[in-house]
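Dear colleague,

I am passing on the structure below, followed by some notes on what was found in it. Please read them with the model open beside you.

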Amino acid sequence: MKNADLKYLSVLANQYPSIASAATEIVNLRAILSLPKGTEHFITDVHGEYEQFRHIMCNGSGAIQKKIEEEFGSSLGIPEKRTLAMLIYYPEIKIKQIQEQIEDEESMTDWYRVTIFRLIRVCKNASSKYTRSKVRKSLPEDFAYVIDELLAGRPDVSDQEAYYFEIINSVIETGRASELICAFAHLIRRFTIDHLHVVGDIFDRGPYPHLIMDDLMQHHSVDIQWGNHDILWMGAAAGSEACMCNMLRICARYGNLGILEDAYGINLVPLMRLALESYEGPVSKTFAVRVSDDSYDTSFAEIDAKMHKAISIIQFKLEGQLIKRHPDWEMNDRLLLDRMDPEKGTILVDGVEYQLNDTFFPTFDKEHPYDLTYEENDVVRRLKNSFLRSERLQRHIRFLYKKGSLYKVYNGNLLYHGCVPLNEDGSFQEVKLFGKKYSGKALYDILEHYARKGYYSLDPKEKRNGQDILWYIWNHKGSPVYGKQKMATFERYFIDDKKPHEEAKNAYYRLYENEEVLDRILIEFGLDPDGAHIINGHVPVIVKKGESPIKCGGKLLVIDGGFSKAYQSKTGIAGYTLIYNSYGLILAAHEPFESLEKTVLNETCTHSHIVMDEKNASRRKMVGDTDTGKLLKEKIEELEELLEAYRSGALVEKA
């Protein structure tokens, strides 16, 4: 045995100090390998739509309904199963409704007893693929003993029958039945979904990204693949002025400036003052707030439009400064302010002169088009300080960095938000960054490297470059989370002609039905193309036009179907979600979530339908077939070496 190996085993012996302890752990780990793999849940492009997000999280995209069906089958009627499902989704609200409907105490006691028995059965079903140790660790502290006994007990055995029923009766008599029901409901949801993947774009457009982030931070097991809108907020929180202005502009555009003030404590008074003082009079309809429901207070419409225009102009100036700072990024075609002639009312784009629909630019200096005025500089400085000092925002962004990445390889699937930039021939597109060229996986890796520097680095130059890269990831044609030739924000605001509005997509979106191309991508990221999938979002699937989320025979799954209300009129649905359980992949399409009241009180669960049900061809997948299983097998080998060291006398037992 090598000295290095012996040193490692000596360290391992501190954790397993005897033959018995090492052997017991080997038995435990080998048993775990034979359990079914946990269920994975994939969502993407949530865009601040908290109610829709919460509902899909509560029902596990239909996985909980399936557990109820498995457990009760025809022994329960459809109305009873529907009530039970809604109770698991929203226990606090549903219990209150039931309590208002049932008047006498005896009937309420009977309902508690029957409901608890049903929840025990569903919970046993949902927890059956986990070790008892893992189940115990998941139990809520207040009911750990009670739930453990109820899950492990045998009421069908005469010796335990009285004991088992007395536990339930005592809980009811002590007035804690409601709390126990809630605890069981949360546990069922916890056990049904073992791991959550959020494939990008938590932020922007919808009004409640902060509530989604709060929920994600409480989730038992989650990873996040950063989307371009997440990157924008990450850049703003890191101190990128260009990212900050883009983010503010989008919030203003969709009537969500209140998020920044109310949820994150961002002081918008300096921007409001600038807007009122500099942009007097009516503002172009281009900057009118776009909302898809009645929640927006229209009394703020005029001032929000002025703020929208003010921050947009600041954004274009700051982006121009950034583009000039990085000539190797080859973005001079996006320098538009110096090609604008407000007096003439025209602008030159790609060599073509277009008419401007708005010529009121009070802070624009034709001689120095990218210079901020003194007042604009002051607004940017104050806003930046406010972003950097927002405790809640920084907490959310740190979580994104901790749990997130630009891509993830997990259990044989490749997850990323947008695309892998390709040339028209299907080869990986090379992108030049700071004097070096990158493509494929290396491009993802270097961009993530700089994105982390932009937030964490203490070196001013590295931090600045990292912040600039965060903006680059947001909108550069070489960015894998953007994937278009240009971001035509300026053209869409100021030119009515639709031609310069076009944002041509990367060749990836024309080649993703080519199996050879997708196989090359999977191999690039270290996956075997046979049985592997690419899962991404970013570009909404237009179901209305007959588009399918299933590309290349199921090798690529695009699960952005319009979670955001801003997209639903275009897509025709309210998003896709994906479930990957031990039997295979299930892709579901969801209808728009109308209201919590209608859903819970009337038990009208949002309709979903299965788009794809891809079962494993050979056999059910076990923990031993997963990434976790690989790690467990490695640990088993190490423990077996430790056993051999004990038995050969190379190491002496410590206990």
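Leaving aside its neighbours within four places in sequence, Glu640 is in contact with Ile26 and Arg30, where contact means heavy atoms within 4.5 Å. Glu640 is placed in helix α27, which covers residues 627–648; here helices (H or I, at least four residues) and strands (E, at least two) are DSSP runs, numbered from the N terminus. With a relative accessible area of 32%, Glu640 is partly exposed, on a scale where buried means under 20% relative accessible area, exposed over 50%, and partly exposed in between (1.4 Å probe, protein chains only). The C-alpha atoms of Glu640 and Val269, which are 371 residues apart along the chain, are separated by 66 Å.

Please bear in mind that this is a predicted model, in which local features need pLDDT of at least 70 and side-chain atom pairs count only at pLDDT 80 or more, whereas totals for chains, interfaces and linings use all residues. Residues are numbered from 1 along each chain as its sequence is written, and side-chain values use heavy atoms, with hydrogens and water left out.

For the chain as a whole, the secondary structure comes to 27 helices and 17 strands. A compact globule of 655 residues would have a radius of gyration near 26 Å, and the 28 Å of the chain agrees with this; the radius is taken over C-alpha atoms, and the globule rule is 2.2 Å times the number of residues to the power 0.38. Taken along the principal axes, the C-alpha atoms fill a box of roughly 95 × 75 × 45 Å. Buried residues make up 56% of the 655 residues, and among contacts between residues at least 6 apart in sequence, 72% join residues at least 24 apart.

Helix α6 (residues 91–101) has two sides that can be told apart by burial. Pro91, Lys94, Ile95, Gln97 and Ile98 are buried; they cover an arc of only 160° around the axis, which puts them on the same side of α6, the arc being that of the directions from the helix axis to the C-beta atoms. On the other side of α6, Lys96 and Glu100 are exposed.

Two further helix residues may be worth a look. Ile473, in helix α21 (residues 460–475), is buried with a relative accessible area of 0%, and, not counting residues up to four places away in sequence, Ile473 touches Ile231, Leu447, Ala451, Ser479, Val481 and Tyr482. The C-alpha atoms of Ile473 and Asp204 are separated by 16 Å, the two residues being 269 apart along the chain. Ser127, in helix α7 (residues 105–127), counts as buried at 10% relative accessibility, and, neighbours within four places in sequence aside, Ser127 is in contact with Val135 and Phe191.

Finally, there are two backbone angles to check. Most residues other than glycine have a negative phi. Asp45, however, has a positive phi near 50°; Asp45 lies in the loop between β1 (40–43) and α3 (50–59) and is buried, with a relative accessible area of 0%. Arg205, which is not a glycine either, has a positive phi of about 75°; the place of Arg205 is in the loop between β2 (195–198) and α12 (209–218), and at 19% relative accessibility Arg205 counts as buried.
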